[in-house]
Amino acid sequence: MRIKGAIFDLDGTLIDSMWVWDQVDKDFLGTRGFEVPSDYQKEIQALGFYETACYTIDRFGLKERPEDIIKEWNDMAERTYHRDVQIKPYARELLVCLREHGIHLGVATASYASLFAECLKRNKVYDLFECFTETSEVERGKGYPDIYIKAAGKLGCSPEECLVFEDIHKGILGAKAGGFCTVGVFDEKSADSWEEIQRDSDYAIRGFGRLLQDVHLFQKIFG
């Protein structure tokens, strides 16, 4: 079936932002007397903000509300997103190319518009997307197909007509469970899962330049 839509994860896939959350985790937990456990990021990477806040409260025995924690995280990250976070190399060129080929573009993210909208506008890609879908709009996180199905519906496409670009293994598995064709995208933060991502994705790339430079691969994926 011909591909009509492409759904992109943001953090770690389309934008180079995972370093921001490393610092947020360090500062947030540090002010409460904790160090960041080595497995913390892996445990939360497929979760939405609310699920992550609940997990953090349970794991560290915090006497705080999820809503207050989320606000603190967003306040800590917002300035850096707006000012410093950059899009990944060749991402804009690929998005423009896909639009020129008639591919509908959407975003599926665990982030909030208050963080990513200004970042995408500064990087001159915001207007290339037709829709933005957040995990807060669905019941389950990225280990499940819910967010991708919702995003595809906004694009007017069936799952079989959509590609999903993801940098985390659980995201790949969630999208595949929904019937989507998947493209695993390498990010240093999820490098320890790269073998699994390559194994379970329909396609796997180390950078967006590969799709622009390899005409055969581009035609194989997009038809």
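The model is predicted: local features need pLDDT of at least 70, side-chain atom pairs need 80 or more, and totals for chains, interfaces and linings use all residues. Residues are numbered from 1 along each chain, and side-chain values use heavy atoms, without hydrogens or water.

**H1 and H4**
- The axes of H1 (residues 18-30) and H4 (residues 66-83) come within 10 Å and cross at roughly 135°. Axes are lines fitted to C-alpha atoms over the stretch in contact, with angles from 0 to 180 degrees between N-to-C directions.
- Helices here are DSSP runs (H or I) of at least four residues, and strands (E) of at least two.
- H1 contributes Trp19, Val20, Trp21, Val24, Asp27 and Phe28 to the contact (heavy atoms within 4.5 Å).
- From H4 come Ile69, Glu72, Trp73, Met76, Ala77, Thr80 and Tyr81.

**Nonpolar core**
- The largest nonpolar core has 55 residues, and Phe8 and Phe165 touch the most other members.
- Such a core is a set of buried Ala, Val, Leu, Ile, Met, Phe, Trp, Tyr and Cys residues joined through side-chain atoms within 4.5 Å.
- Buried means under 20% relative accessible area, with a 1.4 Å probe and protein chains only.

**Helix H7**
- In H7 (residues 146-155), the buried residues are Asp146, Ile147, Tyr148, Ala151, Ala152 and Leu155.
- They pack against strands S1, S4, S5 and S6 and helix H8.
- Gly156 follows H7, with a positive phi near 75°.

Technical notes. Buried means under 20% relative accessible area, exposed over 50%, partly exposed in between (1.4 Å probe, protein chains only).
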